[in-house]
Amino acid sequence: MIHPLDLRFLGHDHTIASFLISTAEGPILIESGPHSTLPALEQALAQHHVQLADIQHVLLTHIHLDHAGAAWALAQHGATVWVHPVGLPHLADPSRLMQSAQRIYGDDMDRLWGEMRAIPEAQLHAVADNALLRFGEVELRAHYTPGHASHHIAWQYDDVVLTGDVAGVRIANGPVVPPCPPPDIDIEHWRDSIRCLRELAPRQLYLTHFGRIDDPLAHLDELETRLIDWAAWMRIPWEAGRTAAEVVPEFQAYVRQQLRDQGVTDEEVLAQYEAANPSWMSVEGLFRYWRKYQPKTEVN
Ligand SMILES: [Zn+2]
């Protein structure tokens, strides 16, 4: 049984989740959430009569701060952290990860994300593609699913997949949108990963942003369509040589209109979408994607 825990990021409901699974070997978590929401994680666990120190294992989908930022704190309480091998060195020494976050978020780091400390290597385990982890009777299989991040893992638990960010962001039954932050966005890899998720034929998905999806195939089709749409939208200003800063307000308006067209009119839900998946990050991420991709299109 999977228990989604609402970490109430920046005071919003249904924006960032962590997932609690009880096993015969004790409770485990998929995603730690950011360090800034550690008190909310502690409270949510308490409702299930679990303390931070009870968590023996934390399985991460990727190392972005909204997913992995509090992993070190759980490690300090004794947890083992399971992560893609490319992400592992950045948890053993988070200085580069935090420097690049600092460049982006500046003075807002503490409010948004909190701090990040090194996790001792003995508590970090690299996970191979297709690896099967067993905790008592609970089995979780790792599926490498790049596209949003090069080091992304989707975790399969029976016929359910916990998808991190590779199956997009969907809040309050609104439309699904693809989070496209720098530096790794790769549309082709992402589409391959969506295909991988389809082939698993899951009964349900659990999104970190936010919660359960009961119609995975329709959801994944919608995600792929919107991913292609956003990439194509971004290509035009990118090719025109415009700056990301100029384009952000236009893209934000475009996304808001898309959400409105799909029936999202509640200002709080629009704010939850923007908190879980800021438009300016997607502009940066997709501009970077086109910058990387451009030489290939010129050759062809
Ligand atoms: Zn995320």
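**Exercise 1. Sort the residues that line the largest pocket into nonpolar, polar and charged.**

Solution. Start with the classes: Ala, Val, Leu, Ile, Met, Phe, Trp, Tyr, Cys and Pro count as nonpolar, Asp, Glu, Lys and Arg as charged, and the others, Gly among them, as polar. The lining then splits into 21 nonpolar, eight polar and nine charged residues.

The model is predicted: local features need pLDDT of at least 70, side-chain atom pairs count only at pLDDT 80 or more, and totals for chains, interfaces and linings use all residues. Residues are numbered from 1 along each chain as its sequence is written, and side-chain values use heavy atoms, with hydrogens and water left out.

**Exercise 2. Find where the largest pocket lies and what surrounds its centre.**

Solution. Take the term first. On a 1 Å grid over the protein atoms alone, a pocket is an open set of points where a 1.4 Å probe fits, with protein on both sides within 12 Å along at least five of seven lines; lining residues have an atom within 4 Å of a point. Next, the volume is about 1100 Å³; it is the space filled by probe spheres set on the points, which are joined across faces, edges and corners. Of the 38 lining residues, His-64, Ser-100, Ile-104, Pro-182 and Pro-183 are the closest to the centre. Elements that give two or more residues are helices H2 (65–68), H5 (95–105), H10 (267–276) and H11 (279–299). Helices (H or I, at least four residues) and strands (E, at least two) are DSSP runs, numbered from the N terminus. H5 gives the largest share, seven residues. Last, the position: domain 1 (1–144) and domain 2 (150–300) both contribute to the lining, so the pocket lies between them. The domain bounds come from an automatic or database domain assignment.

**Exercise 3. Classify the ring pair of Tyr-289 and Tyr-293.**

Solution. Rings of Phe, Tyr and Trp (its six-membered ring) pair if their centres lie within 6.5 Å; planes under 30 degrees apart count as stacked, over 60 as edge-to-face and the rest as tilted. The count comes to 13 aromatic pairs. For Tyr-289 and Tyr-293, the centres are 5.5 Å apart and the planes stand at 20°, so the pair is stacked. Both residues lie in helix H11, four residues apart, about one turn of the helix. Both Tyr-289 and Tyr-293 are buried. Elsewhere, ring pairs link Phe-9, Tyr-105, Trp-113 and Trp-280 into a cluster.

Note on methods. Buried < 20%, exposed > 50% of the residue type's maximum accessible area, 1.4 Å probe, protein only.
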